[in-house]
Amino acid sequence: MIKSDVNEEKKKVIRRLRRIEGQIRGLQRMIEEGGYCEDVLIQLSAVKSAIESLSVAVMESYLKHCFVKEGIIHPEKKQELEQALNVLKHLK
């Protein structure tokens, strides 16, 4: 992976982390202000989902960079890696 690709991936991760951070701050406000339990639980679920999605995205980037670009997995096996990543996305 060329350096600009790595930097772009890093920027995407940071943006998603900031979004999650905002969600968590919103949750904190909801609890401090005595928000409805149902609303708090819905927001907790949204944060959990966002973190799980980010985890999968980071793992995907890591595997593509480290395993394919560094030669651990032969480039011809990239399709198999893509299939495994697709399964991983559905397991969360």
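**Helices, salt bridges and a nonpolar core**

Me: Which residue forms a salt bridge with E9?
Reply: The closest N and O atoms of this pair are 4.0 Å apart. A salt bridge is a side-chain nitrogen of Lys or Arg within 4 Å of a carboxyl oxygen of Asp or Glu. The partner of E9 in the salt bridge is K12.

Me: What kind of model is this, and how many helices does the protein chain have?
Reply: This is a predicted model, in which local features need pLDDT of at least 70 and side-chain atom pairs count only at pLDDT 80 or more, while totals for chains, interfaces and linings use all residues. Residues are numbered from 1 along each chain as its sequence is written, and side-chain values use heavy atoms, with hydrogens and water left out. Helices (DSSP runs of H or I, at least four residues) and strands (E, at least two) are numbered from the N terminus. The order of elements is α-α-α, with zero strands, and the number of helices is three.

Me: Why are E9 and K12 separated by about one helical turn?
Reply: Both residues belong to helix α1. E9 and K12 are separated by about one helical turn because they are three residues apart in helix α1.

Me: How many salt bridges are there?
Reply: Besides E9 with K12, R15 pairs with E8, the closest N and O atoms being 3.9 Å apart. R25 and E21 also meet in a salt bridge, at 2.8 Å from N to O; they are four residues apart in helix α1, so about one helical turn separates them. Side chains of opposite charge can pair when their charged atoms come close. The count of salt bridges is three.

Me: Which residues is V40 in contact with, leaving aside its neighbours within four places in sequence?
Reply: Contact means heavy atoms within 4.5 Å. V40 is one of the seven residues of the largest nonpolar core. Beyond four places in sequence, its contacts are L27, M30, I31 and G35.

Me: Is E60 buried or exposed?
Reply: E60 is found in helix α2. Beyond four places in sequence, E60 is in contact with L85 and K89. Its relative accessibility is 16%, so E60 counts as buried.

Me: Which residues make a nonpolar surface patch of about 260 Å²?
Reply: M59 is in helix α2 (residues 37-69), and Y62 is also in helix α2. M59 has 36% relative accessibility and so is partly exposed, and M59 lies 9.4 Å from L88, C-alpha to C-alpha, although they are 29 residues apart in sequence. Such a patch joins nonpolar side chains (Val, Leu, Ile, Met, Phe, Trp, Tyr) within 5 Å, from residues with over 30% relative accessible area and no salt bridge; like charges are joined within 9 Å. The patch is made by M59, Y62 and L88.

Methods
Buried < 20%, exposed > 50% of the residue type's maximum accessible area, 1.4 Å probe, protein only. Core = buried A, V, L, I, M, F, W, Y, C linked by side-chain atoms within 4.5 Å. Areas by Shrake-Rupley, 256 points an atom, 1.4 Å probe, with all protein chains shown as cover.
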